2 protein chains.
Amino acid sequence: MSAATPAAPRTLRRDARANRERILAAARDAFAEHGMEAGMDDIARRAGVGVGTIYRRFPTKEALAEAILEDKLAAVGAMIDRALGADDPDGGLRRFLGELARHQAEDRSGAAALASCARPDAGASPGELALRERLGELLRRAHDAGAVRPDVRLGDLMALLWGLGRVAAVTADTAPRYADRYTALIMDALAPGAAALPGRPLTAAQITAGSRAAMTTAAGIRPRPPRAAAARS
Amino acid sequence: MSAATPAAPRTLRRDARANRERILAAARDAFAEHGMEAGMDDIARRAGVGVGTIYRRFPTKEALAEAILEDKLAAVGAMIDRALGADDPDGGLRRFLGELARHQAEDRSGAAALASCARPDAGASPGELALRERLGELLRRAHDAGAVRPDVRLGDLMALLWGLGRVAAVTADTAPRYADRYTALIMDALAPGAAALPGRPLTAAQITAGSRAAMTTAAGIRPRPPRAAAARS
DNA sequence: GGCGAATCGGAACCACTGTTCCGGATGTCT
DNA sequence: AGACATCCGGAACAGTGGTTCCGATTCGCC
């Protein structure tokens, strides 16, 4: 409020910036390896930094995970873009699914376990929405090309992705290539010619809620851990 | 060793037996609601019992969860049996998938989140193996009837189940009926006529490993928390 | 080279939760 | 009824891991 407030320096000190990068890289590795279970101590050790240094940049572990989730979303976005660039819509979709499966297999946090960061109260993040939109575009082209049955909606595709993510994660250690076979299997579910699907497709809100749940290991989202907020009486 | 050892009484005292039942019921509810996150205090409170009483019967939380997992496996086994009793193999399989989806939707622990109890070192439990065998029988009949494409093997069906479990869990809160639509979608993947699946099907060992991973929330199986063993110097 | 502010490191803190312990209450058997 | 083993409750304990704090250090600038 006060006019004297100098406003935090826009640029970090050189060492601070370097450390920030190292922390991000370490966190990426640690989360990929152990999922959200990775401890702050572990991350700090990997980064060659003290825990305090992490907390100087990221107020909370959740925030750190969230920062990385953005990267993940961007990576998936890039996959979709590559698929959109493909000539045949069917092959593009298939390649995207395969790529996603591989990505999730080698990254224990892959869009999934990661992000307990997703707060159950917040709506979909902009990155999430953008991603979903691009996926919708991919589906639309596949529809237009007649490569995918018309009764399959975006929500159905998302659901298939959630399942694929689980299968990829579950088989990653012992059958790393299985995800490709599974991808082929679910692609066949998309083939035209089958009877129309029963029930209603997911609404946008339901997709958002599902994404959030899918990202939140299913283990248990606490409404809001009062830790960081509590104390300080 | 000593001949004087009276050997623990084969029958529990009446109140003990009653409490054991109440504990089991409370744990079932608690796990269904919160998954493995449910606290021992919470379970004890629901059962109207002290935590100590739980530990008198179950040496560890894991053991308690394991006891309940048996029930779950039995329940799924019963579903398969009902499906095996159906006239048409296709409808039986579909009905089983639907029933399983519904079951997993309303039970947050459902075969999934539950059992962190599954020890990563142990092989498949007898109940698990029996279940898998019955599922294999269901699949065989569907094959014989020409209702399911022949290149779909047991491992593929299991993978579909893992995915279905995730989708059911993820949509349970906001779109409880969606699992039925999803079931129809993956049933279409099983329809005959598609090109043969690429890659290799899962081996029995891979299925076992996958089941274990699927049951273990993916969150993180600690090799073996040294808690119960440690201390006591 | 020297000064002040930003930054670093990591020990201490604290809430959380599974587990243990034991005095007192309760069945069961004679 | 009386005696004894079994059982119960729940406070206390202990491992864990996220978060905070503050003296020491380093960077950027004059």
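**Figure 1. Helix α7 of chain B, end to end.** In this predicted model, helix α7 of chain B runs over residues 154-171, 18 residues in total. From its first C-alpha to its last it reaches 26 Å, close to the 26 Å expected at 1.5 Å a residue. Is there much of α7(B) left in the open, or is it largely enclosed? Of its 18 residues, 17 are buried, so the rest of the structure largely encloses it.

**Figure 2. Leu160(B), one residue of that helix.** Leu160(B) sits in helix α7 of chain B. It counts as buried because it has 23 C-beta neighbours inside 10 Å, and the cut-off for that label is 20 or more. For a sense of distance, take Ala78(B): 82 residues separate it from Leu160(B) in sequence, and the two C-alpha atoms are 19 Å apart in space.

**Figure 3. Leu164 in the nonpolar core.** The largest nonpolar core has 86 residues. Which of them touch the most other members? Those are Leu164(A) and Leu164(B). Setting aside residues up to four places away in sequence, Leu164(B) touches Leu97(B), Leu100(B) and Ala101(B), along with Tyr182(B), Thr183(B) and Ile186(B). It also touches a residue of the other chain, Gly163(A).

**Figure 4. Where chain B meets chain A.** Each chain puts 43 residues into this contact. On the side of chain B that touches chain A, two or more residues come from each of α7, α8 (178-190) and α9 (204-215) of chain B. The biggest giver is α7(B), with ten residues. Sorted by class, this side of chain B has 25 nonpolar residues, ten polar ones and eight charged ones.

**Figure 5. The two copies, one laid on the other.** Turn chain B by 180 degrees, shift it 0.1 Å along the axis, and it can be laid on chain A with an RMSD of 0.1 Å. That is how a two-fold axis relates two copies. The interface tells a matching story: 100% of the interface residues of chain B are also interface residues in chain A, so the copies meet through the same surface.

Figure 6. Chain A has nine helices and zero strands, and 43% of its 233 residues count as buried. Among contacts in chain A with a separation of 6 or more, 73% join residues 24 or more positions apart. The helix shown here, α4(A), covers residues 61-85. Its 25 residues should span 36 Å at 1.5 Å a residue, and the end C-alpha atoms are 37 Å apart, which agrees. The buried residues of α4(A) include Leu64(A), Ile68(A), Lys72(A), Val76(A) and Ile80(A). What do the buried residues of α4(A) pack against? They pack against α1, α3, α5 (89-106) and α6 (126-144) of chain A.

**Figure 7. The surface near DNA strand C.** Around DNA strand C there are 26 residues, of which Asn19(A), Gly50(A), Gly52(A), Arg14(B) and Gly52(B) come nearest. Both chains take part: α1 (14-34) and α3 (51-57) of chain A, and α1 (14-34) and α3 (51-57) of chain B, each supply at least two residues of this surface. The largest share, four residues, comes from α3(A). By class, the surface near DNA strand C has eleven nonpolar, seven polar and eight charged residues.

How values were computed: Residues numbered from 1 in each chain as written. Chains lettered and ligands numbered in written order. Predicted model: local features only at pLDDT ≥ 70, side-chain atom pairs only at ≥ 80, totals over all residues. Near = placed C-beta within 6 Å. Nonpolar A, V, L, I, M, F, W, Y, C, P; charged D, E, K, R; others polar. Buried ≥ 20, exposed ≤ 12 C-beta atoms within 10 Å, placed from the backbone. Contact = placed C-beta atoms within 7 Å. Least-squares fit on C-alpha atoms with pLDDT ≥ 70 in both. Expected span 1.5 Å × (residues − 1). Core = buried A, V, L, I, M, F, W, Y, C linked by C-beta atoms within 7 Å.
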